[in-house]
Structures are given as structure tokens and as C-alpha cells.
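Here is a short briefing to read beside the model. It takes the surface charge to begin with, then the core and the charge pairs.

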Amino acid sequence: MNIYFACSSAEIEKHKEAYLQVVRSIRELGHKISVDWLEKSLEDGKSDQEWKEVIKKEGIRAKKRSDALIAEV
């Protein structure tokens, strides 16, 4: 299954271990992450605003091709 994981990009540093655990669990269960912006954003040096634009564009496309959405709210 393709799964889109939605979480707060503004609080990545605060919750990154929990977010990464969710992604790992999804993969361990044999599923795919539709767009892995989380790991990209942690590796890249882009500002929050730059990432918000990337996430918005990629997220719209990824949601359309996903079978399920998991949201951290």
C-alpha cells in the first residue's frame, strides 16, 4: 500500500524521533511512503518556508496516488 504520512513541518525538530518511528513502522509492515519529504527535510538545509512550498506541491500529488493517509495532529 502507498501511504501518505502527514505531520507538522514546523515542529520537525521537536518530534522528529516520533515521526521517523512512524515512517519506519509503515515500512516494516511492508508499505511504501508516497513521498518521503520528512527524511529529505532533515538532510537538507532548506528553511521552513522553502520546505512548506515543496511539501505542499509534492503532498498534493502524493495524496492523489496514496491508498491511505496517516496524520499526526
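Lys56, Lys57, Arg61 and Arg65 form a positive surface patch. Patch members have over 30% relative accessible area and no salt bridge, with like charges joined within 9 Å. This is a predicted model, where local features need pLDDT of at least 70 and side-chain atom pairs count only at pLDDT 80 or more, while totals for chains, interfaces and linings use all residues. Residues are numbered from 1 along each chain as its sequence is written, and side-chain values use heavy atoms, leaving out hydrogens and water.

**Patch**
- Lys57 sits in helix 3 (residues 48-64); helices are DSSP runs of H or I with at least four residues, and strands are E runs of at least two.
- Lys57 counts as exposed because its relative accessibility is 54% (exposed is over 50%, buried under 20%, partly exposed in between, with a 1.4 Å probe and protein chains only).

**Nonpolar core**
- The largest nonpolar core has 16 residues, and Tyr4, Phe5, Trp37 and Leu38 touch the most other members; such a core joins buried Ala, Val, Leu, Ile, Met, Phe, Trp, Tyr and Cys residues through side-chain atoms within 4.5 Å.
- Helix 1 gives the most to this core, five residues.

**Salt bridges**
- There are two salt bridges in the structure, each a side-chain nitrogen of Lys or Arg within 4 Å of a carboxyl oxygen of Asp or Glu.
- Glu13 and Lys16 pair at 3.7 Å, N to O; they are about one helical turn apart because three residues separate them in helix 1.
- Arg27 and Asp36 pair at 2.6 Å, N to O; Arg27 is partly exposed at 38% relative accessibility, whereas Asp36 is buried at 15%.

Conventions:
Patch = residues over 30% accessible without salt bridge, like charges linked within 9 Å, V, L, I, M, F, W, Y side chains within 5 Å. Areas by Shrake-Rupley, 256 points an atom, 1.4 Å probe, with all protein chains shown as cover. Lys, Arg positive; Asp, Glu negative; His and termini not counted. Charge placed at Lys NZ, Arg CZ, Asp CG, Glu CD.
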